[in-house]
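Trainee: I'm new to this structure and could use a guide. Could you show me how to read a few of its features?

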Amino acid sequence: MDLNTPHDATPDQLAAALVQLLDVEQIDVDLFRGARQPGGEGRVFGGQVIGQALQAAQRSTEGEKVAHSLHAYFMRPGDENFPIVFRVVRDFEGRSFATRRVIAMQRGQPILNMACSFQLPEDGFAHQDAMPDVPPPEGLASEHDLRHALAAEVPEKYHRVLLRPRPIEMRPVSERSSVRPEPGPPIQHVWFRLAAPIGDDPAMHRAVLAYASDMRLLGTAMVPHGVAWLTPGMQVASLDHAIWLHEPFRADEWLLYTMDSPWAGHARGLNRGRIFTRDGRLVASTAQEGLMRRRKPSPAA
């Protein structure tokens with residue numbers, strides 16, 4: 001199933017396609033292959049590499065230890081014309097914790113390094129941030145509808161990427177125009193969920209959240225500057241990405257992604273995220289630094 005399948009793809013098909021994409025194949029001991037996205041073009045989406053790398057690390061961990069954090073560095077853009085090979089290194093295996101290192105490779109070159117930590121579940125002191133008071137998802141427009149409404153203002157060369165059906169349904173609390181962005185506070189709130197229900201495998205739900213956590217986060221640092229990914233001359237890319245997994249959740253139920261950016265400078269922006277369930281449980285936290293460079297137009301010949 002092609003995630004770029006045109007507009008007749010059903011939510012069930014889109015969800016199944018993402019599960020298939022993230023379900024890495026074991027080809028040797030601690031060596032896995034992540035499928036390419038059929039029909040994909042250009043650079044691999046960073047969330048795909050993170051989700052597949054997390055799955056490779058989870059597949060190498062025996063027993064009841066559960067992934068609780070990962071830290072990834074993007075080194076080279078992935079190419080959607082090729083699968084990705086993931087090599088897992090078992091750095092530590094203790095009674096309570098285990099750590100794994102994952103190197104994602106394409107055509108003999110590393111494109112991502114990731115460290116992932118696992119813990120045997122146990123009880124302890126507990127506290128959390130309060131969930132922001134925002135409107136529920138049912139009364140908000142979907143990103144799919146917002147993108148279609150914007151299509152007439154977007155150059156045709158971007159239509160295939162802009163309008164393709166997506167496996168993650170997103171409903172922003174307040175939408176910014178990618179064509180005419182206005183400066184504002186560096187804060188975003190977005191509801192998201194997998195397009196259709198999937199099975200009960202917690203590892204897959206963690207991989208889907210890892211995939212979705214790379215969506216919109218980088219754009220938070222651009223909000224105060226009145227620019228977006230479609231702004232002429234903008235060069236935008238993720239440099240690193242971290243996720244802390246706090247509590248169990250289902251990625252096919254509504255989750256609130258609340259994001260802020262405390263700093264930007266030197267062509268980089270720092271972004272932070274918190275992910276809540278509808279009943280207010282903080283289930284994950286994220287952080288990402290990204291490249292956000294605006295190139296000056298070339299002088300006329």
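Mentor: Let's go through salt bridges, one arginine and a pair of strands.
Before that, a word on the model: it is predicted, so local features need pLDDT of at least 70, side-chain atom pairs count only at pLDDT 80 or more, and totals for chains, interfaces and linings use all residues. Residues are numbered from 1 along each chain as its sequence is written, and side-chain values use heavy atoms, with hydrogens and water left out.

Trainee: How many salt bridges does the structure hold?

Mentor: Here's the general idea: side chains of opposite charge can pair when their charged atoms come close. A salt bridge here is a side-chain nitrogen of Lys or Arg within 4 Å of a carboxyl oxygen of Asp or Glu. The structure holds 18 of them.
One of them joins Arg-59 and Asp-23, with the closest N and O atoms 2.2 Å apart. That pair links distant parts of the chain, 36 residues apart: Arg-59 is in helix 2 (residues 46–59), while Asp-23 is in the loop between helix 1 (11–22) and strand 1 (25–28). Helices (H or I, at least four residues) and strands (E, at least two) are DSSP runs, numbered from the N terminus.

Trainee: Which residue meets Arg-274 in a salt bridge?

Mentor: That's Asp-129, at 3.1 Å from N to O. Arg-274 is in strand 11 (residues 268–277) and Asp-129 in the loop between strand 6 (109–119) and helix 3 (143–150), so this pair ties together parts that are 145 residues apart in sequence.
Another bridge runs from Arg-272 to Asp-260, with the closest N and O atoms 2.6 Å apart. Arg-272 belongs to strand 11 and Asp-260 to strand 10 (residues 255–265), so the parts tied together are 12 residues apart in sequence. There's also a network: Lys-65, Glu-93 and Arg-100 are joined by salt bridges that share partners.

Trainee: Is Arg-171 buried or partly exposed?

Mentor: Go by the cut-offs: buried means under 20% relative accessible area, exposed over 50%, and partly exposed in between (1.4 Å probe, protein chains only). Arg-171 counts as buried because its relative accessibility is 17%.

Trainee: What does Arg-171 touch?

Mentor: Contact means heavy atoms within 4.5 Å. Not counting residues up to four places away in sequence, Arg-171 touches several residues, among them Pro-137, Leu-140, Val-190, Trp-191 and Trp-254. Arg-171 lies in strand 7 (residues 168–172), and its side chain has a polar contact of 2.9 Å with that of Glu-169. A polar contact is a pair of N or O atoms within 3.5 Å; within protein, one must be able to donate a hydrogen and the other to accept it, and residues adjacent in sequence count only if both atoms are side-chain atoms.

Trainee: Which residues of strand 2 are on its covered face?

Mentor: In a regular strand the side chains alternate between the two faces of the sheet. In strand 2 (residues 31–34), Phe-32 and Gly-34 make up the covered face, and Leu-31 and Arg-33 the uncovered one.

Trainee: Over how many bridges do strand 1 and strand 2 pair?

Mentor: Two strands pair if DSSP finds at least two bridges between them. Strand 1 and strand 2 pair in the antiparallel sense over 3 bridges, with Glu-25 opposite Arg-33. They form a hairpin with 2 residues between them, and Asp-30 in the turn has a positive phi of about 55°. Strand 2 also pairs with strand 4 (residues 84–93), antiparallel over 4 bridges.
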